[in-house]
Amino acid sequence: MAEAILSGKGKPLFTAYSAGSHPSGVVRSEALKQVALARLPADGLRSKSWEEFAKPGAPKMDFVFTVCDNTAAEVCPVWPGQPMTAHWGVPDPAAVKGTPEQIERTFREAYLILERRISLFLSLPLSSLDRLAIQKEISRIGTS
């Protein structure tokens with residue numbers, strides 16, 4: 001969902017990629033529904049491993065945001081180019097068990113958290129901030 005939000009709202013300045021430490025191989029239908037409800041493009045969305053983006057020849061990353069609560073305790077790969085990083089923990093909606101309505105509500109809540117944080121990120125005056133100030137702001141966004 002974060003990839004769709006940032007790619008959609010951040011064009012043409014940002015191209016987003018989403019990946020996980022243990023991808024399932026499938027994009028959840030509940031996530032695709034939230035993307036569709038927001039009228040964001042879903043073309044090219046796929047389940048990916050973060051290892052894909054830590055290899056030589058991978059797209060250059062300027063920012064890396066970890067979003068799953070589970071990743072906070074994991075060791076992240078070393079990202080080429082020393083991008084700025086921040087942890088924006090969001091409860092993993094794919095881990096929720098319950099009725100279809102409860103699962104859909106959890107995906108909606110996760111979508112809203114991501115959308116709010118990405119909107120805050122996109123509102124930053126990046127061209128007028130130095131690296132330290134940007135790092136401080138993107139870290140602060142993860143606590144909002």
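Q34 touches M1, E104, F107, R108 and Y111, leaving aside residues up to four places away in sequence; contact means heavy atoms within 4.5 Å. The model is predicted, so local features need pLDDT of at least 70 and side-chain atom pairs pLDDT 80 or more, while totals for chains, interfaces and linings use all residues. Residues are numbered from 1 along each chain as its sequence is written, and side-chain values use heavy atoms, without hydrogens and water.

**Exercise 1.** Determine whether Q34 is buried or exposed, and which side chain its own side chain meets in a polar contact.

*Solution.* Step 1: the relative accessibility of Q34 is 1%, so Q34 counts as buried (under 20% relative accessible area; exposed is over 50%, partly exposed in between; 1.4 Å probe, protein chains only).
Step 1: the partner is the side chain of R108, at 3.1 Å. A polar contact is a pair of N or O atoms within 3.5 Å, one able to donate a hydrogen and the other to accept it within protein; residues adjacent in sequence count only if both atoms are side-chain atoms.

**Exercise 2.** Classify the aromatic pair of F14 and F121.

*Solution.* Step 1: rings of Phe, Tyr and Trp (its six-membered ring) pair if their centres lie within 6.5 Å; planes under 30 degrees apart are stacked, over 60 edge-to-face, the rest tilted.
Step 1: the structure holds eight aromatic pairs.
Step 2: F14 is buried at 18% relative accessible area, and F121 is buried at 1%.
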